[in-house]
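Me: I'd like to learn how to read a model like this one, feature by feature. Could you walk me through it?

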Amino acid sequence: MKERVIFIDNLKAFAIICVILGHALQYLAGANPAGLVSFNLIYTFHMPLFMMMSGYFAASSFELSIGEFLTKKSIQLLLPALVWSCCKIILSGGNIYNNLIGSFWFLKSVFVCYFITYFAIKIVKKKFIFYFSMFVIPLFCNIDFSTYMLNYMLPSFVFGILLRENINYILKYRIFVICSSLFVYLLLLPYWNFNEFHYTSIWQNGTFDLYYFFVSLHRIVLGLTGSLFLFAVFSYINKSNYIVLSIGASTLGLYAMNGIFSDIQRHVLHLQFDNEFVCLGISLLLVFIQIPVFMYIIKFFKGYKILSLLFLGIKK
């Protein structure tokens, strides 16, 4: 059990580094980040991976009463999202409503995924029907999911729950899991197009579109197979150090502060380059500058109950 925690924290550390790196690449590349190979590669899996890990740890929350569940998840996710959104409004300005609703979208998306899954588990007793409906309904639902990307995030969240339930089989047959998931991922990767595939729906102008159905299905399977491959690979890495484990345990704070920094990078620094190697080099430098600074701030927050609660969602 201890080894699993270590490899999962290693994986979470890798995932948050990919998020920070992806944001740096996005704003350094200016109008065409999709022209960068490194950016495209990261965006195939990084948020599905994070959502899958959220689902992986979700089981205990579904045993709580509705009141306990809503209180716990509101404190862990919505409160920090609100506080950081207010910080972003103060520092960057912009439309207050849009910032409160859309900023730090991933935290709100995790909350909605928890909320939907909590009631689905209570209502749908047969596992096959539960999993089938949670994968299929978001794909076909004619709702604008663009803000929280639920048509992609909810299947990833539920996939994490399924992964946890079958963790012994995954670890027992992980060579097969690695090879098969990598095969499917590489098979789909050449057809990935960030500009067309990242934010899309099978409903175009209120009408079902078969082409975008396959686009959406491609996006989901690509993200899940990439995430599963990384999960299985990292299951072999059962050694770590304090720094990596601390990063893996501090993903919420790192994600939020990177969101603030990305706004500064975009609106104040105005750094833009056309060369991929220059973009990647500067982005890696920004990652290794941000993480130590953010970790120091997180350590400071954790020293005070109120700051830890407001900014990190940690109730001491």
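Predicted model: local features only at pLDDT ≥ 70, side-chain atom pairs only at ≥ 80, totals over all residues.

Me: Let's begin with the overall fold. How many helices and strands are there in the chain?

Reply: The chain has 16 helices and 2 strands. Its radius of gyration is 19 Å, close to the 20 Å that the globule rule gives for 316 residues, so the chain is as compact as a globular protein of that length. The C-alpha trace spans about 50 × 45 × 45 Å along its principal axes.

Me: And how do I read burial and contacts for the chain as a whole?

Reply: A residue is called buried when its relative accessible area is under 20%. Here, 49% of the 316 residues count as buried.

Me: Now a single residue. Is Ser 103 buried or exposed?

Reply: Ser 103 is buried, because its relative accessible area is 5%, which is under the 20% limit. You will find Ser 103 in the loop between α5 (96-102) and α6 (105-123).

Me: Which side chains make polar contacts with the side chain of Ser 103?

Reply: There are two to look at. The side chain of Lys 88 is joined to that of Ser 103 by a polar contact of 3.3 Å, and the side chain of Asn 99 by one of 2.8 Å. Leaving aside residues up to four places away in sequence, Ser 103 touches Ser 85, Lys 88, Asn 98 and Lys 108.

Me: What should I look for in the backbone angles?

Reply: One thing to look for is a positive phi in a residue other than glycine, and Phe 104 has one, near 55°. Phe 104 lies in the loop between α5 and α6 and is buried, with 7% relative accessible area. Met 149 also has a positive phi, of about 50°. Met 149 sits in the loop between α7 (127-140) and α8 (150-165), and at 3% relative accessibility it counts as buried.

Me: Last, the surface. Which residues form the nonpolar patch?

Reply: Phe 140, Phe 208, Leu 210, Phe 214, Leu 217 and Val 221 form it, with about 520 Å² of accessible area together. Helix α12 (residues 210-234) gives the most, with 4 residues. Phe 214 is found in helix α12 and counts as partly exposed because its relative accessibility is 49%.

Definitions and conventions: Residues numbered from 1 in each chain as written. Heavy atoms only, no water. Patch = residues over 30% accessible without salt bridge, like charges linked within 9 Å, V, L, I, M, F, W, Y side chains within 5 Å. Areas by Shrake-Rupley, 256 points an atom, 1.4 Å probe, with all protein chains shown as cover. Salt bridge = Lys/Arg side-chain N within 4 Å of Asp/Glu carboxyl O. Buried < 20%, exposed > 50% of the residue type's maximum accessible area, 1.4 Å probe, protein only. Polar contact = N/O pair within 3.5 Å; in protein donor to acceptor, adjacent residues only side chain to side chain. Contact = heavy atoms within 4.5 Å. Rg over C-alpha atoms; globule rule 2.2 N^0.38 Å.
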